[in-house]
Amino acid sequence: MCGIVAYVGRKIAQPLLIEGLKRLEYRGYDSAGIAVIDQTGGLHLRRAVGRISVLESSIGDGQPLPESHIGMAHTRWATHGAPTEANAHPHIDGAGRIALVHNGIIENYSVLKKLLTEKGYTFKSQTDTEVLAVLIGDLYHELQQRNHLPAGASLLQRAVQSALHEVEGTYGIAVICKEEPDTLVVARKGSPLIIGVGKDEYVVASDASAIVEHTTQVIYLNDNEMAVLKPGYFRTCTTDDIEVSPVVSQLENKLDEYELGDYEHYMLKEIFEQPAAIRRCLSGRAEQREGRIVLGGIADHARELAKAHRYILTGQGTAWHAALVGDYLMEDLAKVVTEATYASEFRYRNPIVEEGTVIVAISQSGETADTLAALREGKEKGATGLGVINVVGSTIARETDGGIYLHAGPEIGVASTKAFTCQCAVLTMLALYIGRRRFMGQAQTEELIEGLCAIPDQIEKVLQQSELVKTIAAKFCERENWLFLGRGYHYPIALEGALKLKEISYIHAEGMPAAEMKHGPIALINEGMPVVFVATQGMQYDKVISNIEEVRARGGHIIAVATEGDTQIRRYSDHVVYIPEAHESLQPMLSVVPLQLLAYHAAVIRGCNVDKPRNLAKSVTVE
Ligand code: G6P
C-alpha cells in the first residue's frame, strides 16, 4: 500500500529513484511521482496518473529533471482522493520549499486542514498527505522566524518533529527542503520504513526490494522514530528527539530473488518456486532422521505453548485462509482448541482472551495493519503473540514474543501463492511441535514429518499439469460466475481458489464448504456454470461425490481436483486434475496448486494484468 523510496548521497538520484519505484510498484500503482532538489537548490516535481512507466516516459518526453543527489519518489494506492495527478505524491508545502512522500493515513487531517485554511493556506489536492506537508512548512516558517536553533541543527528535522506531535494516524514519511539541500528526514509510525546504509549514501524505502541493489546493511526504524540523513552523516532519534542507537542489520534476500528471470509474470514464477520455497521453509526444522520438529524461534516458549488452552490464528486475505487450514491442523493434530479469525473483526469485537491463550499473527508482509492491530489487542489482553511471517524484520515480526519465518523468499505478485503454501507448511510444523508435546505419539509424528518432507516433490508433479489446467481455464474463462467447493481441510482451499480467481481475473467466484451449497447457493447453478470441487480421497470423499451429483443434476460443469489413481471421479466430472496421494492434513499444500494455476491462466487469457490487478495492493497498511 503505497511505496516510498528516497535517496541522499553522491549518485544521481533520478534513475535510482525510478528503479526503486519499479520494485515497489506492487504496493500500489494508481499514480506515481518524484521530487528532487538540484545543485542550485531548486525543487523539481513530476507526477503522473497510472503506472511508473507513465511517470518515466513523461520525464523522458520533454520534462527532464536536472541532475540532483537528493530526492524522493512514491507509488500510490489511493486512500484519500481519487488517483489524479493533483492527489499523487510528493506533496509540497504552501511556500513550495518542502516536499513530502507518505505511506499511511493522517486521521485528523480534516481538523488540521481547517486550522491551516484559517491561517490562509490553500490546498491543491484532496489528500491527507498535503495537509501534513503544509503543516511542516508552516512550522518550518515559524521556527525560522524564531531563529534560535543551535548551529548545525536541522530546522527541517525540528519542523517535522513538531508536525508529527500534532498528527494522529499512521505514517512512513520522507521529507526534503530546498533550504537544506543535503538533508533527508524520514520518520515512521505504523507504516514500514527501512534505511539502507551505503558508503556516504542512504536509500530509504518501504521495503528491502528497493534497497538491496545498493546495500545490504539496513536499519529498521521503529514506530515513533525518525532519522536525519546527510551524505556521510546520520542520526536516529525518537520523534521526541531522544537519541536512539541504530541497530544495523543484514538483508536476508539477494537481488536476483527479486528478479523476474525467464518467467512472464511474478505470479507464475512464485507458483513454480513453491517446491524450493517449502524445502527452504522445512530445512533444519522438519528433521526426518530424528523424527522431530525443531523451531528455534519459539523454543523459549515451548512449555507455555504446549500448555496453552486456546490458539487464535489471525490474518487477512490469503493469510486468513492459511489460518483456517491451521485451525483444522491444530485441532486435528495438536488437539488444542483453536479459532481462525479475521484480524479486522477480532480487534473490534472486544474479544475474550483467557489465561493460556496464544495469538498467532499470519502475514506474508508482516505489515498488514489489521493483523498488527489484532496481535496488539491479543497481547494487550495477556495472550502470548507468535508470528508466521515472511518478511524478516517486519513490524509484526518485531512485535511478537516468538515466531516462525516462512523463508519463502520475496513474494512480488500481488496474489499470494508461495507464501500461502509456506504458511500451511509452518502451521503443520507448529501443530506437530505442539501435538508431540501433548498427545501425539512418535510413530505418528514421524509419519507426518515424512509426508511433509515429500510435499515439495509432489508439488513438482502437480506443476507439470500446468498446460492441462490452461486448457480448462481457456474453456471456462468467459463464464462470469464460478463456485469453488471443498470439505474439511479443503474448505479453506475452496475459499483460496475463489479469491485467486477474483483477484486477478475479475471473475465473480464464491468459495464455500461443499455442504453449504445446498443451503442457498445451489440456486445460482445454471447450465454450464463452472463448479470446482476439491474431491480428494479422505474422510468426506463420498459426501463430496454426492455434492458433485447435485451440481451435475442442475447443469453445472464439474472441474475436480482429485487424488491420483481415483478413476471413478472421471464418471462425475467434466475435467480432472490429479494431485499425488498424501495424508489428509497435508493435502491443502497440493490441492491449492491447480487452483492457483487455474486463476493464473484464466487471467492471462482474459488479458488481465496478473501481477498488478486493478484496485489491489499487496501490502495493506491501513485498517
Ligand atoms: C492484501 C493482499 C492479499 C493478502 C492480504 C494479506 O489484501 O492483496 O493478497 O493476502 O493483503 O497480506 P499479508 O501480507 O498480511 O499476508
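Residues are numbered from 1 along each chain as its sequence is written, and side-chain values use heavy atoms, with hydrogens and water left out. Since the model is predicted, local features need pLDDT of at least 70 and side-chain atom pairs count only at pLDDT 80 or more, while totals for chains, interfaces and linings use all residues.

**Cavities**

A cavity here is a set of points on a 1 Å grid over the protein atoms alone where a 1.4 Å probe fits but cannot get out, and its lining residues have an atom within 4 Å of a point. Grid points are joined across faces, edges and corners, and the volume is the space filled by probe spheres set on the points. The count comes to three cavities of 30 Å³ or more.

| Cavity | Volume | Lining by class |
|---|---|---|
| Largest | about 70 Å³ | five nonpolar, four polar, two charged |

The lining of the largest cavity includes Arg487, His490, Met539, Tyr541 and Glu584. Around the second largest cavity you'll find, among others, Cys2, Arg76, His80, His89 and Asp128.

Pro90 sits in the loop between β4 (68-76) and β5 (91-92). Helices (H or I, at least four residues) and strands (E, at least two) are DSSP runs, numbered from the N terminus. Lys335 has a positive phi of about 55° although it is not a glycine; its place is the loop between α9 (317-334) and β18 (337-342).

**A helix pair**

Helices α13 (residues 418-437) and α14 (residues 442-463) pack at about 170°, their axes 11 Å apart. The axes are lines fitted to C-alpha atoms over the stretch in contact, and angles run from 0 to 180 degrees between N-to-C directions. That makes the two helices roughly antiparallel, a label for angles over 145 degrees. Contact (heavy atoms within 4.5 Å) involves Thr428, Met429, Leu432 and Arg436 of α13 and Gln442, Thr445, Leu448, Ile449 and Leu452 of α14.

**Aromatic rings**

The whole structure holds six aromatic pairs, meaning rings of Phe, Tyr and Trp (its six-membered ring) with centres within 6.5 Å.

Technical notes: On a 1 Å grid over the protein atoms alone, a cavity is a set of points where a 1.4 Å probe fits but cannot get out, and a pocket is an open set with protein on both sides within 12 Å along at least five of seven lines; lining residues have an atom within 4 Å of a point. Ala, Val, Leu, Ile, Met, Phe, Trp, Tyr, Cys and Pro count as nonpolar, Asp, Glu, Lys and Arg as charged, and the others, Gly among them, as polar. Angles under 35 degrees count as roughly parallel, over 145 as roughly antiparallel, 65 to 115 as roughly perpendicular and the rest as oblique. Rings of Phe, Tyr and Trp (its six-membered ring) pair if their centres lie within 6.5 Å; planes under 30 degrees apart count as stacked, over 60 as edge-to-face and the rest as tilted.
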